[in-house]
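Good morning, and thank you for coming.

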Amino acid sequence: DVMPKDGRIALYLGALLENLASPAVQAATDATGNVGIEGAGGLLKAAEPHLRAAILLDPALAEAQLRLGRVVHLLKRSAEALPYLARAESDLTRPELRYCAALFAGRAYESIDRIDDARAAFERAEALFPEAQSPRLGMAQLAWRVGDQAGAAALVSGLPAQRSPIFATDPWWAYDVLLVEDVNARI
């Protein structure tokens, strides 16, 4: 209400709702009983207009494209999500955010049976963070899905050993806080 025409505020509101819809938050609320947090579907639906507003208010907010693409995909509208994710992947400058855009595009392509496009997206993500597990697991699921069990097994068995904390090697695990650069230093 105080700053209704600020794209970044709309982005943060949408990201907050998207984060509250995450499996970790939802599992915590399920375990502790009713703590007043809506279910994932309702939170994602509430996040969408904030993220759309962020893009309207500031078309240069590539992070809003990324978050809107993911939210729309999670709302089971994957084909609609793909242009947002493609725009985000091309416009984002931080590699960890470009990685997330490629990873989410892979999931969106997979859900509409565009296996080759999904594999290409996962490969783009893997090229950015070669030690990350998520793109390899995505490619293994694709291989399994098309009946290539040996290929799936090779992808999984070829995962790099975790020599450093998983947060350092796979940005997916820190997606909820990637919106703010250097969040750990700020905290």
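Which residues does alanine 64 touch, if those up to four places away in sequence are not counted? They are Leu11, Leu51, Ala54 and Ile55. Before I continue, please note that this is a predicted model.

Alanine 64 is located in helix α4. Its relative accessibility is 0%, and because buried means under 20%, alanine 64 counts as buried. Alanine 88 stands 24 residues from alanine 64 along the chain, and their C-alpha atoms are separated by 8.1 Å.

Helix α3 comprises residues 40–57 and helix α4 comprises residues 62–74. Their axes come within 9 Å and cross at roughly 150 degrees. Angles over 145 degrees count as roughly antiparallel, and α3 and α4 are therefore roughly antiparallel to each other. The crossing of α3 past α4 is left-handed. On the α3 side, the residues that meet α4 include Leu44, Ala47, Leu51 and Ile55; on the α4 side, Ala64, Leu68 and Val71 are among those that meet α3. By class, this contact of α3 with α4 has ten nonpolar, one polar and three charged residues.

A second pair is formed by α6 and α7. How do their axes cross, and within what distance do they come? The axes come within 7 Å and cross at roughly 160 degrees. By the cut-off of 145 degrees, α6 and α7 are therefore roughly antiparallel to each other. Here too we have a left-handed crossing, as α6 passes α7. Among the α6 residues in this contact are Pro95, Tyr99, Leu103 and Tyr109, and their partners in α7 include Ala118, Phe122 and Leu128. The contact of α6 with α7 divides into eleven nonpolar, one polar and five charged residues.

I now come to the interior. In soluble globular proteins, nonpolar side chains tend to be buried together. In this model the largest nonpolar core has 48 residues. Those that touch the most other members are Leu11, Leu66, Leu85, Leu92, Tyr99, Cys100 and Phe104. At least two core residues come from each of α1, α3, α4, α5, α6, α7 and α8. Which helix supplies the largest share? That helix is α6, with ten residues.

Most residues other than glycine have a negative phi. Lysine 76, which is not a glycine, has a positive phi of about 70 degrees. Lysine 76 lies in the loop between α4 and α5, and because its relative accessibility is 75%, against a cut-off of over 50%, lysine 76 counts as exposed. Aspartate 113 also has a positive phi, near 65 degrees. Its place is in the loop between α6 and α7, and at 53% relative accessibility aspartate 113 counts as exposed.

Lysine 5 lies in the segment before α1. With a relative accessible area of 73%, lysine 5 is exposed. Lysine 5 and leucine 57 are 52 residues apart in sequence, and from C-alpha to C-alpha they are 6.5 Å apart in space. Thank you for your attention.

Note on methods: Residues are numbered from 1 along each chain as its sequence is written. This is a predicted model: local features need pLDDT of at least 70, side-chain atom pairs count only at pLDDT 80 or more; totals for chains, interfaces and linings use all residues. Side-chain values use heavy atoms; hydrogens and water are left out. Helices (H or I, at least four residues) and strands (E, at least two) are DSSP runs, numbered from the N terminus. Buried means under 20% relative accessible area, exposed over 50%, partly exposed in between (1.4 Å probe, protein chains only). Axes are lines fitted to C-alpha atoms, for helices over the stretch in contact, and angles run from 0 to 180 degrees between N-to-C directions. Angles under 35 degrees count as roughly parallel, over 145 as roughly antiparallel, 65 to 115 as roughly perpendicular and the rest as oblique. A crossing is left-handed if the near helix is turned anticlockwise from the far one by less than a right angle, and right-handed if clockwise. Contact means heavy atoms within 4.5 Å. Ala, Val, Leu, Ile, Met, Phe, Trp, Tyr, Cys and Pro count as nonpolar, Asp, Glu, Lys and Arg as charged, and the others, Gly among them, as polar. A nonpolar core is a set of buried Ala, Val, Leu, Ile, Met, Phe, Trp, Tyr and Cys residues joined through side-chain atoms within 4.5 Å.
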